[in-house]
Amino acid sequence: MLKKIKIIKNSKNYQILNHKLQVFNKVNKEKVIYDLAKISEIITIKDSSEEIMVEIGNHILDLNLKGFDKKSFESISFLNNPNYVIHNDKVVITKKVNSNFQVTYYISDLPEYNNQKEIYLIGYPIHSYKDFFILHKKEISLYNYIDDKILWSIDITKIGDLNTTIIKTIIKDQLLLILKGTSVICLNIETGKVVWSLNSEIAKQMGVISGEYLYTASNTSLTKIAIASGEVEYAIRFQKEYQLEKLITLYGIEDLTLFKNELWAYTKFGTLSLVCIDKETAYFKKVIPLESLGIKTGIFSFQFYKDKLFIHDHDYTLHIFEKEETDLI
């Protein structure tokens, strides 16, 4: 069985970073930092305007580039700007000069800002690589900051809706783009050429990557796609007996996640449950009703981390579980 070890109310959002649990309080806008091993409070950051942080070197940054020392959480002043990417333990930020133009800086050492390089570049950095990607109007480009030049650029609107573009991952020399609700696109990073694209339901509910395959769950089936070629290895329908038992209505599968080489998701309709899905047969190997865990509302998200399960519900409560020796997870 799963044993509940902590309940944190009024949690608008949470994040696991640097072996610590960070919970953003919905009411007073404070960020509370917990020791992840003991789930005991370490420090509270008052008047926190941002929910998410990222690691860079010995520092932690929020999305407004407000910085903290990674060990002590002592505050460090950074430029107040929300557009940046982390690249090779450095930060590339975009400073808005007026409504039509952006000036991008390449920052080499934080927080001193020495050796910064000013680049006159229209667009926002959106993802790091050997170089980094920028997004401007209808184009995604790969930019080399050392030579200050665009290596390639592609008009995404010719393939799908740019407003729903998600850069999912980079595998070897390929960039996987998700245009949610329309298509999945694989680009060659070095050239920007489209290797393959799929226009189908699989883009409506994005999945996870395991090895060299993309697994995605639609309302009715599990699909396995070879990332190198775009070939659909299989599309298997979920078994009918679960519909008869009203486990899920219309097979509402959300947040497909990989844990210990198994696929996990939760059911959005019918009997709200966590389900473990076999990657090759689409069979539901394990079913854990949320009500059995003391959760009566729907959930925003769930996450496995080492021996713990985190469930964030619609009451803005974070439930933290630990597995017992007899548990199947």
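## Close-up views of a predicted model

**Figure 1. Cluster of aromatic rings.** Phe 259, Trp 264, Tyr 266, Phe 302 and Phe 304 are joined into a cluster by ring pairs; rings of Phe, Tyr and Trp (its six-membered ring) pair if their centres lie within 6.5 Å, with planes under 30 degrees apart counted as stacked, over 60 as edge-to-face and the rest as tilted. The model is predicted, so local features need pLDDT of at least 70 and side-chain atom pairs count only at pLDDT 80 or more, whereas totals for chains, interfaces and linings use all residues. Residues are numbered from 1 along each chain as its sequence is written, and side-chain values use heavy atoms, with hydrogens and water left out. In total, the structure holds six aromatic pairs.

**Figure 2. The pair of Phe 300 and Tyr 316.** The structure's six aromatic pairs include the tilted pair of Phe 300 and Tyr 316, at 5.3 Å centre to centre and 45° between the planes. This pair links distant parts of the chain, 16 residues apart: Phe 300 belongs to strand E30 (residues 299–305), and Tyr 316 to the loop between strand E31 (308–313) and strand E32 (318–323). Strands (E, at least two residues) and helices (H or I, at least four) are DSSP runs, numbered from the N terminus. Phe 300 has a relative accessible area of 39% and is therefore partly exposed; buried means under 20%, exposed over 50% and partly exposed in between (1.4 Å probe, protein chains only). Tyr 316, at 28%, is likewise partly exposed. The rings of Phe 302 and Phe 304 have centres 6.0 Å apart and planes at 85°, so this pair is edge-to-face. Phe 302 and Phe 304 are both buried.

**Figure 3. Lysine charges over tyrosine rings.** Lys 26 lies over the face of Tyr 316, 4.8 Å from the ring centre. A charge sits over a ring if NZ of Lys or CZ of Arg is within 6 Å of the ring centre and within 35 degrees of the ring normal. The ring of Tyr 213 has the charged end of Lys 224 over it, at 4.2 Å from the centre.

**Figure 4. The E6–E7 hairpin and its sheet.** Strand E6 (residues 53–56) pairs with strand E7 (residues 59–62) in the antiparallel sense over four bridges; two strands pair if DSSP finds at least two bridges between them. Two residues separate E6 and E7 in this hairpin, and Gly 57 in the turn has a positive phi of about 60°. Ile 56 stands opposite His 59 in E7, and Glu 55 has Ile 60 of E7 as its bridge partner. The open sheet comprises four strands in the order E6-E7-E8-E9, with antiparallel pairing. E6 and strand E9 (75–76) each have a single partner strand at the edges of the sheet, so one side of each is left without a neighbour there.

Figure 5. Most residues other than glycine have a negative phi. Asn 18 is placed in the loop between strand E2 (11–17) and strand E3 (20–25), and its relative accessible area of 18% makes it buried. Lys 306 also has a positive phi, of about 55°, although it is not a glycine. Lys 306 lies in the loop between E30 and E31 and counts as exposed at 59% relative accessibility.
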